[in-house]
Amino acid sequence: QVQLVESGGGSVQSGGSLRLSCAASGYTGSSYWMGWFRQSPGKEREGVAAIHRAGTTTYIDSVKGRFTISQDNSKNTLYLQMNSLKPEDTAMYYCAATAGTNYYYTMALSTNIYTYWGQGTQVTVSS
C-alpha cells in the first residue's frame, strides 16, 4: 500500500505561483509513474503532469512551459511547481501513483493506470 498526502494549495492572483508537494509513504518501490491530476466542479479529472521513476516527464499542453513536475526520491516527495497561474488552473489537485506495471509514457496522464490517490489540495486563481 502507498499513502499520498498533498499540501501547498491556496489562493493566488493570476500570474502568481504555487508549489504543490505530495509526501508518499508505504511501499513506493512498485510505482513506476507518479502524477498530478486536477478536477473542477462538473468536469472530469484530467492529468496535468507525470514523472517516471527514471525521470521522464510529460505534461498536458495547457501547462507546458508553466508547470514543472519533479521528485525527490530521498524524501519520497513529489512536487509540482506552478508558475504564471491562470484562473482556468483553478481546481482540486490530486497526487497519484501507479502500482506494479511499467506503463508506456503515452498513458501516463490517464487516470486509468493510477492505483493510489491522495485526498487533494485546492488551488484557486483569481483574475
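Strands are taken here as DSSP runs of E of at least two residues, numbered from the N terminus. In this predicted model, Asn76 lies in the loop that joins β7 and β8. The phi angle of Asn76 is positive, at about 50 degrees, although the residue is not a glycine. With a relative accessible area of 34%, Asn76 is partly exposed. A second residue other than glycine with a positive phi is Ser84, for which the value is near 50 degrees. Ser84 is located in the loop between β8 and β9 (91-97) and is partly exposed, its relative accessible area being 41%.

The strands β7 (67-72) and β8 (77-82) also contribute to the lining of the largest pocket, as do β3 (18-26), β4 (33-39) and β5 (46-52); each of these strands supplies at least two lining residues. The volume of the largest pocket is about 220 Å³. The pocket is lined by 17 residues, of which Thr28, Ser31, Met34, Gln71 and Asn73 are the closest to its centre. By residue class, the lining of the largest pocket consists of seven nonpolar, eight polar and two charged residues.

Aromatic contacts were examined next. Four aromatic pairs are present in the structure, and Phe37, Tyr114 and Trp117 are linked by ring pairs into a cluster. Aromatic rings also take part in contacts with arginine. The charged end of Arg45 is placed over the ring of Tyr94, at 3.7 Å from the ring centre. Arg53 lies over the face of Tyr32, and the distance to the ring centre is 4.3 Å.

Note on methods: Residues are numbered from 1 along each chain as its sequence is written. This is a predicted model: local features need pLDDT of at least 70, side-chain atom pairs count only at pLDDT 80 or more; totals for chains, interfaces and linings use all residues. Side-chain values use heavy atoms; hydrogens and water are left out. Rings of Phe, Tyr and Trp (its six-membered ring) pair if their centres lie within 6.5 Å; planes under 30 degrees apart count as stacked, over 60 as edge-to-face and the rest as tilted. A charge sits over a ring if NZ of Lys or CZ of Arg is within 6 Å of the ring centre and within 35 degrees of the ring normal. On a 1 Å grid over the protein atoms alone, a cavity is a set of points where a 1.4 Å probe fits but cannot get out, and a pocket is an open set with protein on both sides within 12 Å along at least five of seven lines; lining residues have an atom within 4 Å of a point. Grid points are joined across faces, edges and corners, and a volume is the space filled by probe spheres set on the points. Helices (H or I, at least four residues) and strands (E, at least two) are DSSP runs, numbered from the N terminus. Ala, Val, Leu, Ile, Met, Phe, Trp, Tyr, Cys and Pro count as nonpolar, Asp, Glu, Lys and Arg as charged, and the others, Gly among them, as polar. Buried means under 20% relative accessible area, exposed over 50%, partly exposed in between (1.4 Å probe, protein chains only).
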